[in-house]
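Here's a quick briefing on a single-chain model. Have a look at the sequence and the fold, then read on.

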Amino acid sequence: SKNEQFDTSTAIGEAMLKIILVFAELERNMTSERVSAVMLSRASDGVWNGGKVPFGYSYDKESKQFSIVEDEAKIVTHIYDLYESVKSLVTVSKALNEKGVRSRTGKPWNPTTVRTMLTNPFYAGTYRYNYRDESGKSFAVKDEEEWVLVIDHHPAIVTTERQERMAAILQSKQRGWV
């Protein structure tokens, strides 16, 4: 249809163009649904669908396995220890920055990054997929029934119990991001 010449000044030409556009949109939607289904299936099977590898880990494309980066894992553990003692995201990020500790990209730490690390089940060995709806300008957390969780997917840096303890502390301070 891309090569077809329609005379849109006539009723039949305009109708044909609209019909072709409807089928093009249908094909786009069907392709999107198929890709989403494949990605969910891959995640359910424990296959990494790509994206940013969490701090503290490396990913080997050949073996399709995650491994712990020891230097970064020590920082992750330090972040958990520090937050557990001071219970302040701002204080943790300031302490890291004052010590000259930088993220993988070389950027300073901020409370949002620290919070993400403390709440991400990846650090407890769980692969979580389909967690957020990123279709809009910002993201929204989906209902837990829609999440794909693969327990013991990779080596853990912290225990599940410790991660849950951090989540409980953060939840208790939920008035804002402290």
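What share of the 178 residues in the chain is buried? Buried residues make up 28%, where buried means under 20% relative accessible area, exposed over 50% and partly exposed in between (1.4 Å probe, protein chains only). Bear in mind that this is a predicted model: local features need pLDDT of at least 70, side-chain atom pairs count only at pLDDT 80 or more, and totals for chains, interfaces and linings use all residues. Residues are numbered from 1 along each chain as its sequence is written, and side-chain values use heavy atoms, with hydrogens and water left out.

**Fold and overall shape**
- You get five helices and six strands, taken as DSSP runs numbered from the N terminus (helices: H or I, at least four residues; strands: E, at least two).
- From the N terminus, the order is α-β-β-α-α-α-β-β-β-β-α.
- The chain is more spread out than a compact globule, because its radius of gyration is 23 Å, well over the 16 Å that the globule rule gives for 178 residues; the radius is taken over C-alpha atoms, and the rule is 2.2 Å times the number of residues to the power 0.38.
- Along its principal axes, the C-alpha trace spans about 75 × 40 × 35 Å.

**Around Val86**
- Val86 sits in helix H2 (residues 70–86) and counts as partly exposed, at 34% relative accessibility.
- Leaving aside neighbours within four places in sequence, Val86 is in contact (heavy atoms within 4.5 Å) with Thr91 and Val92.
- Val86 and Arg132 are 46 residues apart in sequence and 29 Å apart in space, C-alpha to C-alpha.
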